[in-house]
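Subject: Structure handover

Hi,

Here is the structure for you to take over. Please open it beside this email and read the two together.

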Amino acid sequence: MDETTWADQARCRGLDPEQFFVRGVAQARPALRVCERCVVKDECLRYALDNDIDFGVWGGLTERQRRAFQRRQFAAAS
């Protein structure tokens, strides 16, 4: 799936982007709920990881959750 295709299919498309760029998991819960049922969640996460996006909810993970995910991936590959 190319970048344009997955973004066009995202559940967050057309929503207020500010709800995806908040501080802390408590404020991010509404965005995380949107992501839960998104059919392109994996593609979105991969995009954020591949492009070193540090802020916001991407692929159903906050920035802190993405860093932890990357650490686990790195540890598993070692």
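What follows is a short tour of what was found in it.

Please keep in mind that this is a predicted model.

**Helix α3**

Start with α3, which spans residues 41-50. Its buried residues are C44, L45, A48 and L49. Those residues cover an arc of only 135° around the axis, so they sit on the same side of α3. The other side of α3 carries D42 and D50, both exposed.

D42 belongs to helix α3. Its relative accessibility is 61%, and exposed means over 50%, so D42 counts as exposed. For a distance reference, take D42 and F21. They are 21 residues apart along the chain, and their C-alpha atoms are separated by 19 Å.

K41 is also in helix α3. It counts as partly exposed, at 28% relative accessibility. Leaving out residues up to four places away in sequence, K41 touches C35, E36, G59 and G60. K41 and E63 are 22 residues apart along the chain. Their C-alpha atoms are separated by 15 Å.

**After α3**

Which residue just after α3 takes a positive phi? That is D52, with a phi of about 50°. The value is positive in a residue other than glycine. D52 lies in the loop between α3 and α4. Its relative accessible area is 59%, so D52 is exposed.

T62 is found in the loop between α3 and α4 (63-77) too. Is T62 buried or exposed? T62 is buried, because its relative accessible area is 7% and the buried class lies under 20%. Leaving aside neighbours within four places in sequence, T62 is in contact with V25, A28, L32, G56 and V57.

V22 is found in the loop between α1 (3-9) and α2 (24-36). It is partly exposed, with a relative accessible area of 24%. Neighbours within four places in sequence aside, V22 is in contact with Q27, A28 and E63. A28 is also among the contacts of T62. V22 and L32 are ten residues apart in sequence. In space they are 11 Å apart, C-alpha to C-alpha.

R13 has its place in the loop between α1 and α2. At 54% relative accessibility, R13 counts as exposed. With neighbours within four places in sequence left aside, R13 is in contact with A7 and D8. R13 and V57 are 44 residues apart in sequence, yet 13 Å apart in space, C-alpha to C-alpha.

**The largest pocket**

The largest pocket has a volume of about 290 Å³. Which elements give two or more residues to its lining? They are α1, α2 and α3. The lining holds 20 residues. Of these, A10, C12, F20, C44 and W58 lie nearest the centre of the pocket. By class, the lining divides into 15 nonpolar, two polar and three charged residues. Note C44 here: it is also one of the buried residues of α3.

**Cysteines**

How many disulfides does the structure hold? It holds zero. A disulfide is a covalent bond between the sulfur atoms of two cysteines. The cut-off used for the pair of sulfur atoms is 2.5 Å.

C38 counts as buried, at 15% relative accessibility.

At 12% relative accessibility, C44 counts as buried. C12 itself is among the residues nearest the centre of the largest pocket.

**Where to look**

- D52, with its positive phi near 50°.
- T62, buried in the loop between α3 and α4.
- The pocket lining, including F20 and W58.

Best wishes

Definitions and conventions: Residues numbered from 1 in each chain as written. Predicted model: local features only at pLDDT ≥ 70, side-chain atom pairs only at ≥ 80, totals over all residues. Heavy atoms only, no water. Helix = DSSP H or I, 4+ residues; strand = E, 2+ residues; numbered from the N terminus. Buried < 20%, exposed > 50% of the residue type's maximum accessible area, 1.4 Å probe, protein only. Contact = heavy atoms within 4.5 Å. Arc of directions from axis to C-beta. 1 Å grid on protein atoms, 1.4 Å probe; cavity = no way out; pocket = protein on both sides within 12 Å on 5 of 7 lines; lining within 4 Å. Points joined across faces, edges and corners; volume = space filled by probe spheres on them. Nonpolar A, V, L, I, M, F, W, Y, C, P; charged D, E, K, R; others polar.
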